[in-house]
Structures are given as structure tokens and as C-alpha cells.
Amino acid sequence: MSTGVVVRKCAALQEFHACVALQREIWGESDLEVEPVTGFVVASETGGQVLGAFDGARLVGYTLALVGFRDGVVYLHSHHTGVHQDYRDRGVGRMLKLFQREEALGREIRFIQWTFDPLELRNAHFNLNRLGAICRQYKPNLYGVTTSPLHRGLDTDRLLAEWRLDSPRVIASIGDLVVPANAPAEIALPADLARWKQSDSRQVKLVQDRIRAEFTHWFARGYAAIAMRETPAGAAYLLAPWSDF
């Protein structure tokens, strides 16, 4: 964990403004696509979460979650989690998510969901391997094509992460469970993907189209994405039948 960084709830209006400023810096979107400060206020006032990671008085990361309700169950949809570039790879994101889990469980909320780009393999490793989330839904172009340079003008395809906060899988994963070496099915990602993201959007689009079809196929058969592992050819999502819930 990052020494000197403390995670806590945001409450003051200036802290919500700091979240908006950090959001702009991380995603670089146009004004119309930025979550305004009023959205943070509303989330805080209506049972959602606005959590900040602070290095002294400086906000270096945040999480914004909204309240959801489906099939008679209250849950949280974690809309944003962002960390300042100077504080990445220092455990700040994990601190935010673990605080989010404890805060939710303290209110008897046992389920959190969020979306992430399946082409962002570091996020996939973090979500599936380190937090114990699973994915059973693929959302093609969920947010439309945005102005963020992080999205590279591509469709905003997303996997929906399901985080069952007190499940044995999650408890084991946050305690550093070993990632499974194999599974009945896998979806491969090429080693060149990171390089293509910088210079060859056509190749990235071809990969996106392929994995969209593969995830849709396996999810329709009742499989879930349960892990991410490195392979000699790059990386792969591991999938297995899932009927626990």
C-alpha cells in the first residue's frame, strides 16, 4: 500500500470539486462528458459513495458509486475509480476498492458492479485476479464513442464486473489467491496489443471485434470470465461455467 495515503469519504464541496478536476486530468474528456460536481453531491447525499485517497490535503484518487436496485436488491454501481498518474502502481486503487467494500458491507450492501474496457489488461488482472470479481455480460459500445483520448475513437465496449463482497471467492482473492493456470475456455489477446494501442487503431479494432464475438458466445452458454493470465502469445481471459448465483 502507498505510504502516507489515507482513504476516506469525501463530504465537503471543495473535495467534490477536486474529484471533478482529477477526473478531467485522467480522462481528458470534453465538458459535456465530464461528470459534474452536482453528480458527486447527489451520490453522496443519496446513499452512494464518494471516496477519496488523500496524500495529506491532496486528492490523489477517488471512487464515485451510485445506488442501484434490481430484483429487490440494493447494490452499488461503481461508476468511476481514478488515480493520479504520479500515484499509479502504488496500491492506491486497491486501497480505494477495499475501503469501498468495507463501507458497503457496513451498510449491509453485499454487491457492487462496474464496467471496464476488456482491452485494458491491467484492469482485467486487477478486477478478476486481485479483487475476485467475475464477468458474465458484455456491453457493446456502452457509452458511445467519446472524446477521451484514452478511448482512441473506438466503440466503448465494456465487460460488467460483478463483485460479491462476502463470497468465498472475493475473500480469497483479496488475500492473494493464486490465479488458476487453466480453465475450460479462454479468450486470447495478442502481445502486440499495447503497441497497437499507440499506433495502429485498425488492428485494435480487429481485436475488439473478435473478442466481442467470443465473449458473447461464451456468456450465452453460461460461462463467466474468472481470471486473466499471461501466455506465451500475450494474455488470455479464462472462462468457466458459472451457476453459483
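This is a predicted model: local features need pLDDT of at least 70, side-chain atom pairs count only at pLDDT 80 or more; totals for chains, interfaces and linings use all residues.
Which residues are buried in helix α4?

## Helix α4

Helix α4 spans residues 121-130, and its buried residues are Ala124, Asn127, Leu128 and Asn129. These residues lie on the same side of α4, because the arc they cover around the axis is only 165°. In general, an α-helix has 3.6 residues a turn, so residues three or four places apart point the same way.

The elements that cover the buried residues of α4 include the strands β5, β6, β9 (223-231) and β10 (234-241), together with α5 (168-174). After α4 comes Gly132, which has a positive phi, near 85°.

Strand β9, one of the elements covering α4, has seven of its nine residues buried, so the rest of the structure largely encloses β9.

Strands β9 and β10 run antiparallel and are joined by eight bridges. Two residues lie between them in the hairpin that they form. Within this pairing, Ala224 is placed opposite Ala240 of β10.

## The second largest pocket

The second largest pocket has a volume of about 200 Å³. At least two residues of its lining come from each of β4 (73-83), β5 (111-116), β6 (134-139) and β7 (158-164). The most is given by β7, which supplies three residues.

The lining comprises four nonpolar, two polar and five charged residues. Among the lining residues are Arg70, Asp71, Tyr75, Phe111, Gln113, Arg136, Leu160, Glu162 and Arg164.

How values were computed: Residues are numbered from 1 along each chain as its sequence is written. Side-chain values use heavy atoms; hydrogens and water are left out. On a 1 Å grid over the protein atoms alone, a cavity is a set of points where a 1.4 Å probe fits but cannot get out, and a pocket is an open set with protein on both sides within 12 Å along at least five of seven lines; lining residues have an atom within 4 Å of a point. Grid points are joined across faces, edges and corners, and a volume is the space filled by probe spheres set on the points. Helices (H or I, at least four residues) and strands (E, at least two) are DSSP runs, numbered from the N terminus. Ala, Val, Leu, Ile, Met, Phe, Trp, Tyr, Cys and Pro count as nonpolar, Asp, Glu, Lys and Arg as charged, and the others, Gly among them, as polar. Buried means under 20% relative accessible area, exposed over 50%, partly exposed in between (1.4 Å probe, protein chains only). The arc is that of the directions from the helix axis to the C-beta atoms. Contact means heavy atoms within 4.5 Å. Two strands pair if DSSP finds at least two bridges between them.
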